[in-house]
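Hello,

Here is the structure I promised to pass on. Please open it first, then read the notes below.

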Amino acid sequence: MAPTDLSTLPLRTSPGRRLPQLFVGLALYGFSTGLQIKAALGLAPWDVLHDALHKLLGVSFGTVTAAVSLVVLLCWIPIKQRPGVGTISNVLLVSTSIDLTLAVVPTPSNMFTRIVLMIAAVALNGLATAAYIGVRLGPGPRDGLMTGISARTGYAIRWVRTAIEIIVLATGWLLGGSVGVGTVIYALAIGPLAQMFLPMVTWRPRAEVKVGH
């Protein structure tokens, strides 16, 4: 099977089809993150850092997420990355969706519910990741940092991502972020899940679809 083409396409190409998927995907990403926080069984590596800063600074989880995104975007400057519509939307929508989810979803009272919530969160996060990447409107701040460093240094993306997430996870854990079985499950499952969903939700011009058939 040929690899899925995820190269960025201009906004003027089918915006009526791609923008709704982008917004839904980002909202779902924030929703799934909120569910994993509610499960309280460990967070994704970046969210371990967000959780630690949220506790230390006393501001909302979504606010911290947006602030870290902006700091990461500053790191794009030396690696010559350029944000797209998807990048800016990521900063705004994911953080808002996280805070809304935390405000309306009740905290589970038993372990079974927490486990179900965690599994659902990871699965939905995989779908959300594929949905917003698949519209090809630019990477999120953290994804762009990864691909930019890879392009500038020549190191494979998998090694750059691993190094970044180990550093982020270790920093968040040392600062008091939530690490647990959910962290391990997320780390192991998110890549395969996103890869599974990508062919289903990636936008392709009609010419590409015809050729694919």
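Start in helix α7, which runs over residues 157-174. Glu 165 and Arg 161 sit four residues apart in that helix, so about one helical turn separates them. Their side chains meet in a salt bridge, with 3.2 Å from N to O. Arg 161 has a relative accessible area of 33%, so Arg 161 is partly exposed. Keep in mind throughout that this is a predicted model.

How many salt bridges are there by the rule used? The count comes to two.

The other pair to look at is in helix α2, residues 45-57. Here Asp 51 forms a salt bridge with Lys 55. Their closest N and O atoms are 3.0 Å apart. Asp 51 and Lys 55 are four residues apart in the helix, and therefore about one helical turn lies between them.

Are the two partners buried or exposed? Asp 51 has 7% relative accessibility; buried means under 20%, so Asp 51 counts as buried. Lys 55 has 51%; exposed means over 50%, so Lys 55 counts as exposed.

Now step back to the whole chain.

Secondary structure: the chain has nine helices and zero strands. Read along the sequence, the pattern is α-α-α-α-α-α-α-α-α.

Overall shape: the C-alpha trace spans about 50 × 35 × 30 Å along its principal axes. The radius of gyration is 17 Å. Why does that value agree with a compact globule? Because a compact globule of 213 residues would have a radius of gyration near 17 Å.

Contacts: take the contacts between residues at least 6 apart in sequence. Of these, 82% join residues at least 24 apart.

Burial and surface: buried residues make up 43% of the 213 residues. The accessible surface comes to about 11200 Å². Carbon and sulfur atoms account for 70% of that surface.

Charges: the chain carries 16 positive and 7 negative charges. How far apart are their mean positions? They are 8 Å apart.

If you have time for one view, go to helix α2 and find Asp 51 and Lys 55. Then go to helix α7 for Glu 165 and Arg 161.

Best wishes

Notes. Residues are numbered from 1 along each chain as its sequence is written. This is a predicted model: local features need pLDDT of at least 70, side-chain atom pairs count only at pLDDT 80 or more; totals for chains, interfaces and linings use all residues. Side-chain values use heavy atoms; hydrogens and water are left out. Helices (H or I, at least four residues) and strands (E, at least two) are DSSP runs, numbered from the N terminus. The radius of gyration is taken over C-alpha atoms; the globule rule is 2.2 Å times the number of residues to the power 0.38. Buried means under 20% relative accessible area, exposed over 50%, partly exposed in between (1.4 Å probe, protein chains only). Contact means heavy atoms within 4.5 Å. Accessible areas come from the Shrake-Rupley method with a 1.4 Å probe; for residues, only the protein chains shown count as cover. Lys and Arg count as positive and Asp and Glu as negative; His and the chain ends are not counted. The place of a charge is taken as NZ of Lys, CZ of Arg, CG of Asp or CD of Glu. A salt bridge is a side-chain nitrogen of Lys or Arg within 4 Å of a carboxyl oxygen of Asp or Glu.
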